[in-house]
Amino acid sequence: MLALSAVLVAAGCDHDSYDGSPLAVHDGTWNGDDAAVEGRLVEEHGCVVLLVEYPEQDGSRLLPIFAEDGLRWNVLSQIVSVKGEDYKLGDRVRFGGSAWGPDLPSGTKWVNAPSSECRYAAFWGVAD
């Protein structure tokens, strides 16, 4: 399970545009289920990924997919804000949602698609 990447920045300020950011962002037409995942939020190869640290999944990488609504990225502080909750790269985080993989559900509408350089085992659809 892997999920991640999406959100842009500009000249050190928060920005509502996500072009060129390391976050994967969809248009919000689907949402995650009621599962949860914990791990460390990091940037690798230009993508934000979640390093899952459960013993049975040690080292697994999930690509978190964030819904556009309520999402912000600050390039200088390396903070992702999801509906008012702030997550700094390098921190341990817990996200609700659901895993898919290795392919996303058909019809996903990207606002900021993950880079082809992203390395992950699955996607994680981040839910509230």
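**Close-up 1. Arg 92 and Glu 38 meet through their side chains in a salt bridge, 3.4 Å from N to O.** The model shown here and in the other views is predicted. Arg 92 belongs to strand β8 and Glu 38 to strand β2 (residues 35-44), so the contact ties together parts that are 54 residues apart in sequence. Side chains of opposite charge can pair when their charged atoms come close. Arg 92 is partly exposed, at 44% relative accessible area. Glu 38 is partly exposed too. Its relative accessible area is 25%.

**Close-up 2. Arg 94 and Glu 38 form a salt bridge at 2.7 Å, N to O.** Strand β8 supplies Arg 94 and strand β2 supplies Glu 38, so this pair ties together parts that are 56 residues apart in sequence. Arg 94 is exposed, with 52% relative accessible area. The cut-off for exposed is over 50%, so Arg 94 at 52% falls in that class. Glu 38, at 25%, is partly exposed.

**Close-up 3. A salt bridge joins the side chains of Asp 69 and Lys 83, with 3.1 Å from N to O.** Both partners sit in loops. Asp 69 lies between β4 and β5, and Lys 83 between β6 and β7, so the pair ties together parts that are 14 residues apart in sequence. Asp 69 counts as exposed, at 57% relative accessibility. Lys 83 is partly exposed, with a relative accessible area of 44%. Elsewhere, salt bridges with shared partners join Glu 38, Arg 92 and Arg 94 into one network. The structure holds 4 salt bridges.

**Close-up 4. Cys 47 and Cys 118 form a disulfide, with their sulfur atoms 1.7 Å apart.** The link spans distant parts of the chain. Cys 47 is in strand β3 (residues 47-52). Cys 118 is in the loop between β9 (110-112) and β10 (122-127). The two cysteines are 71 residues apart. The angle about the S-S bond is -85 degrees, and the link is left-handed. How many disulfides does a search of the whole structure find? The search finds 1. Cys 47 is buried, at 0% relative accessibility. Cys 118 is also buried, at 6%.

**Close-up 5. Phe 66 and Phe 95 form an edge-to-face aromatic pair.** The structure holds 3 aromatic pairs. In the pair of Phe 66 and Phe 95, the ring centres are 5.8 Å apart and the planes stand at 90 degrees. Phe 66 lies in strand β4 (residues 60-67) and Phe 95 in strand β8, so the pair ties together parts that are 29 residues apart in sequence. Phe 66 is buried, with 1% relative accessible area. Phe 95 is buried as well, at 3% relative accessibility.

**Close-up 6. Phe 66, Tyr 87 and Phe 95 make up one aromatic cluster.** Phe 66, at 1% relative accessible area, is buried, and Phe 95, at 3%, is buried. The rings of Tyr 87 and Phe 95 have centres 5.0 Å apart and planes at 70 degrees, so this pair is edge-to-face. Tyr 87 has a relative accessible area of 17%. The cut-off for buried is under 20%, so Tyr 87 counts as buried.

**Close-up 7. Strands β5, β6 and β7 form an open sheet of 3 strands, in the order β5-β6-β7.** The pairing is antiparallel. The edge strands are β5 (71-74) and β7 (85-88). Each of these edge strands pairs on one side only. Neighbouring strands of the sheet are turned by 20 degrees against each other on average, direction ignored. How many bridges join β5 to strand β6 (residues 79-82)? There are 4, and the two strands run antiparallel. Arg 72 stands opposite Ser 81 in β6.

**Close-up 8. Ser 98 sits in strand β8 (residues 92-100).** Is Ser 98 buried or exposed? Ser 98 is buried, with a relative accessible area of 9%. Its C-alpha atom and that of Val 37 are separated by 8.4 Å. Along the chain, Ser 98 and Val 37 are 61 residues apart.

Note on methods. Residues are numbered from 1 along each chain as its sequence is written. This is a predicted model: local features need pLDDT of at least 70, side-chain atom pairs count only at pLDDT 80 or more; totals for chains, interfaces and linings use all residues. Side-chain values use heavy atoms; hydrogens and water are left out. Buried means under 20% relative accessible area, exposed over 50%, partly exposed in between (1.4 Å probe, protein chains only). A disulfide is a pair of cysteine sulfur atoms within 2.5 Å. Rings of Phe, Tyr and Trp (its six-membered ring) pair if their centres lie within 6.5 Å; planes under 30 degrees apart count as stacked, over 60 as edge-to-face and the rest as tilted. Two strands pair if DSSP finds at least two bridges between them. Axes are lines fitted to C-alpha atoms, for helices over the stretch in contact, and angles run from 0 to 180 degrees between N-to-C directions.
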